[in-house]
Amino acid sequence: MIGSTTRQASLFYFAFAKEVSAIKDITLDELDELLQDGQLLELTSEKLGGRCLRSKDFGRPSIAPDRLLRCVVLKHLKSWSFRELEYELRHSLLYRRFTRFFEDPIPDFSSFSRTFALFGPEGTQQIHQRVIQKAKDNKCVRGRKLRIDTTAVETNIHYPTDSSLLADSLRVMTRGLKRIAAGCADQSLKVVEHARAAKYRLLEICRAAKSFTKAGRDRFQSSYGKLLALTCQVRRQASQVLEDLSVQRLKIEGGHLITVLQAEAQLRHYLPLVDKVVAQTQARIFEGETRHEGKVLSLFEEHTAIICKGKPDKPNEFGRLVRLDEVENGIISGYSIAVGNPADQQQWVPALENHRATFGRVPKLAAADRGFWSSENEKSALDLGIPQVVLPATGRLSAKRAKHQKQRWFRQGQGWRAGVEPRISTLKHQFGMKRARYKGDAGFQRYVGWCIIVQDLVAMARSGRKAKTKCRSG
C-alpha cells in the first residue's frame, strides 16, 4: 500500500520544531518548491503502485511518494550511496525536513534501493520530461539555442583483463554450484573450491606479463593455460549439474527448492558469458587475435562497451556513450544512451529531432564540436530551418569555408558551445555521473537519468534566484 505523510504529530518532535524551522539551506528550500508538483507526485505514485497487483490499496504502508521523490533527489544531489543516505537522514534535522520524514522512522538502505529501482528507465524519462515542461512553464528555457556533446560514463566494473574475467567466471560458477549442492539430499553433489589456485594463477600471470623474454612469454601462456583448464573443468561440471536438474537426477530437499531454482537460473544466465570469456581468452593469448567479435568486458555489466574518446590519460574507457542536449541556463533538455560506440556524426540529427519534439520548433542556433561535422549533418540542419548551424569542419579548410567560419555569429556560437564542457564536468564531479553505481542496463539508464534530472532542478533554482535578484536597470 502506498504510504502517506499525514500522520499524528509527536509530542517529542515539538521540542525540535522551532530549531528545525530556523535551519536554512537555499538550494534545498528552492528544490522543495520545485518538487511540490502534482504531476511529479502522480508519476511517483504510479511507479509505487505498479510493484504488485494491489500495491496501491493493499498490504503494509510503503514510503510516501513525496518522500521517495525527495530522497532520490537528495541522494543524487549529494552523490551519496544508499547507506550514506540512510545515515544522513537519521542524523540531520535539515534533511528530515526536506524529505518530509520529520519524527517518523527512516527506512533501511535496502528499502531505499528496492523502491528507487521502481522508477526504471521509462519512469526516469517521464520524470525528466515533466521537469523540462516545468522549466518551460517557468520560462527558464525557450529552446532558442542548442549545444550538443557526448561523454563516456563508466560502468561499475574492474579493469577488464582476461585473467580477471576467468577468475570471476570461476567464482560465479562455484558459488552457484555450492548453493545447489547445499540443497541436495544426502550431499550427493560435491563441489571443489578453486579460489586459491585461481589466485596463484593470477599472481603468476601478473609477474610473467612484466617480462618480455621468451621464457617470460612461455610462463605467461602456461599460467593462462592452467587458469583456462580450471575454468573449463568447472564449466563442464556446471553443464552436467544443469542437465541432471532438468531430468531430475538430483534429489532436492523441499526447504531448499527456491534457493536451488535461483542458483540454476543464475548458472543458465552466466554460462553463455563464460563461454565467450573462454573463447576470447584463447583467441588473444594463444592465437594472437587482439580484436574479437562480441567481446565480454564484465560478467555482471555485460552491456559495457569500449569507448575511445582520444584522451591522453585514458585512451579507452569502459562504459556507455551518453549524448547531452543542453539549452539555455544550463538545462539539459534531452539525453540518449547509445548502444556500443557509435560515431558522433550519428548523434546530430536525432538530437535536433528530439529538440523539435520537446519545444515544438527547431532552435535558432545549433552548435557542436568537430566530432559532429559532416556536410550531410550541416545540410540536414539547414533543411530543418535552423538559421545558424555551428559545426566546425575538419581537415584543411578551403578559402570559402574559412571565411564562413570566421563570421562573427559563427565564432560567438563556438564560444557558447564550449560551455557544454564544464556542464559535463559538473555532472561527473558534483552529481556523480562519472561512474554509474546502479546494476544492469536498466540501472545504468536510471542512474544517468537521475543525475541529469537533479542537475536540471538545481539549474532551474539558480535561474529563478538570478531572476529575483536582477536589478531594474538589467
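In the hairpin formed by β3 and β4, five residues lie between the strands, and Asn329 among the residues of this hairpin takes a positive phi near 60 degrees. The model is a predicted one, in which local features need pLDDT of at least 70 and side-chain atom pairs count only at pLDDT 80 or more, while totals for chains, interfaces and linings use all residues. Residues are numbered from 1 along each chain as its sequence is written, and side-chain values use heavy atoms, with hydrogens and water left out. Helices (H or I, at least four residues) and strands (E, at least two) are DSSP runs, numbered from the N terminus.

Strand β1 (residues 145-155) pairs with β3 in the antiparallel sense over eight bridges, and Arg323 in β3 is the bridge partner of Thr150. With strand β2 (residues 305-307), β3 forms an antiparallel pairing over three bridges; there, Ile307 has Glu317 of β3 as its bridge partner. Strand β4 (residues 332-337) runs antiparallel to β3 and is joined to it by five bridges, with Leu324 standing opposite Tyr335 in β4.

Turning to the helices, α10 spans residues 195-208. At 1.5 Å a residue, its 14 residues should span 20 Å, and the end C-alpha atoms are 20 Å apart, which agrees; the expected span is 1.5 Å times one less than the number of residues. Ala198, Arg201, Ile205 and Ala208 are the buried residues of α10. Seen down the helix axis, these buried residues of α10 fall within an arc of 90 degrees, so they line one face of the helix; the arc is that of the directions from the helix axis to the C-beta atoms. An α-helix has 3.6 residues a turn, so residues three or four places apart point the same way. On the face of α10 turned away from its buried side sit the exposed residues Arg196 and Arg207. The cover over the buried residues of α10 includes α9 (162-183) and α11 (214-246), where contact means heavy atoms within 4.5 Å.

Helix α4 (residues 65-78) is mostly covered, with 13 of its 14 residues buried. Ser79, which follows α4, has a positive phi near 60 degrees.

Key: Buried means under 20% relative accessible area, exposed over 50%, partly exposed in between (1.4 Å probe, protein chains only). Two strands pair if DSSP finds at least two bridges between them.
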